Amino acid sequence: MKGYQKILTLVLVGLVSLAGCAKLDLGTMETAAEPTDQESIKLGIMGDDTSLWEPVQERLKAQGISLDLFKFTSYDQANKDLLNGQIDVNASQTKAYLENFNTKRKAKLAPIGNTMFSPLGLYSHKVDHLDDLRIKARLVIPKDPTNAGRALKLLEEAGLITLKENLEGEPTLKDIQDNPKQFKIDQVEADKTPPELTKADAVVINTNFALEAKMDPVQDALVREDLAEEEAAAYVQVLAVRAEEADDPRYQKLVDAFQASDVAARIKEISKGASQAAWETFGRQ
């Protein structure tokens, strides 16, 4: 019995030693890296191009903040994920869109910084001039209320339709007063507008989606928004957060890191001159 106990003791000692070795080996694996004090921000952006955010990431990294980018194609989804905590901030919408979303969803999202102003444009693969649009031509505009309203005002500015006067809020299709060429105006989600160019006579497209479709917003558009400063202010794109976190120091550092001269230059370069740094005209927020 004493011999048995001695053997059992040796076996137990061996197992403890092996366990100690296993623990030591796991400590050398990448997945068991030492924790750091670095903070992080999960930022939602529209589209696949992340080059605009590279200098912002570098500046925040120097301050101990990791800026992690999450790509979206839907403005609405970017807001839903912000509300439910999937992301911390988004850079996907205008002030007008944000206000409409808050009203519609009874949400509490808040803008914390201006990013850029990007005009809408009317594009076509079938005609080179507005006058060439045929009678009963099919036009396509974005579906969401904010961009739809902007699109209708753009069509009016181009002389294609007339809207009712003294409208409150963004116009809708029901607010068209005169449509002399009897255009058929359809609506699709904003990110689905570029593919419509193969089927429609002309399409109103947001600058970011036009760029993703390899178009030049300045050279290829039949007409672009030309808004007075006061009207353009509503369509400035913003960084948005949950309202209760608007004063979070991390997010204010994000605004500071974005609103810099090198980012302003990149906005012009990436948009081929179509967009401009909003804070230079409209201030921080």
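Q: Which five strands form an open sheet, and in what order?
A: The order is β9-β6-β10-β5-β11, with mixed pairing. Strands here are DSSP runs of E with at least two residues, helices are runs of H or I with at least four, and both are numbered from the N terminus. Two strands pair if DSSP finds at least two bridges between them.

Q: Before we go on, what kind of model is this?
A: This is a predicted model, where local features need pLDDT of at least 70 and side-chain atom pairs count only at pLDDT 80 or more, while totals for chains, interfaces and linings use all residues. Residues are numbered from 1 along each chain as its sequence is written, and side-chain values use heavy atoms, leaving out hydrogens and water.

Q: Back to that sheet: which strands stand at the edges?
A: β9 (184-188) and β11 (223-224) do, each with a single partner strand, so one side of each has no neighbour in the sheet.

Q: How do β5 and β11 pair?
A: Strand β5 (residues 121-123) pairs with β11 in the antiparallel sense, over two bridges. Leu122 has Val223 in β11 as its bridge partner.

Q: And which strands does helix α5 lie across?
A: Helix α5 (residues 145-157) lies across β5, β6 (138-142), β9, β10 (202-205) and β11, and runs at about 140 degrees to β6. For such angles, axes are lines fitted to C-alpha atoms, for helices over the stretch in contact, and the angle between N-to-C directions runs from 0 to 180 degrees.

Q: What's the order in the open sheet of six strands?
A: That one goes β2-β1-β3-β12-β4-β13, again with mixed pairing.

Q: How many bridges link β4 and β12?
A: Six, in the antiparallel sense, with β4 covering residues 109-117.

Q: New topic: where is Arg242 found?
A: Arg242 is in strand β12 (residues 236-242).

Q: Why does Arg242 count as buried?
A: Because its relative accessibility is 11%, and buried means under 20% relative accessible area with a 1.4 Å probe, protein chains only.

Q: What is Arg242 in contact with?
A: Leaving aside neighbours within four places in sequence, its contacts (heavy atoms within 4.5 Å) include Leu82, Gly85, Asp88 and Lys108. Ile87 is another one of them, and the backbone oxygen of Ile87 lies 3.0 Å from a polar atom of the Arg242 side chain.

Methods
Buried means under 20% relative accessible area, exposed over 50%, partly exposed in between (1.4 Å probe, protein chains only). A polar contact is a pair of N or O atoms within 3.5 Å; within protein, one must be able to donate a hydrogen and the other to accept it, and residues adjacent in sequence count only if both atoms are side-chain atoms.
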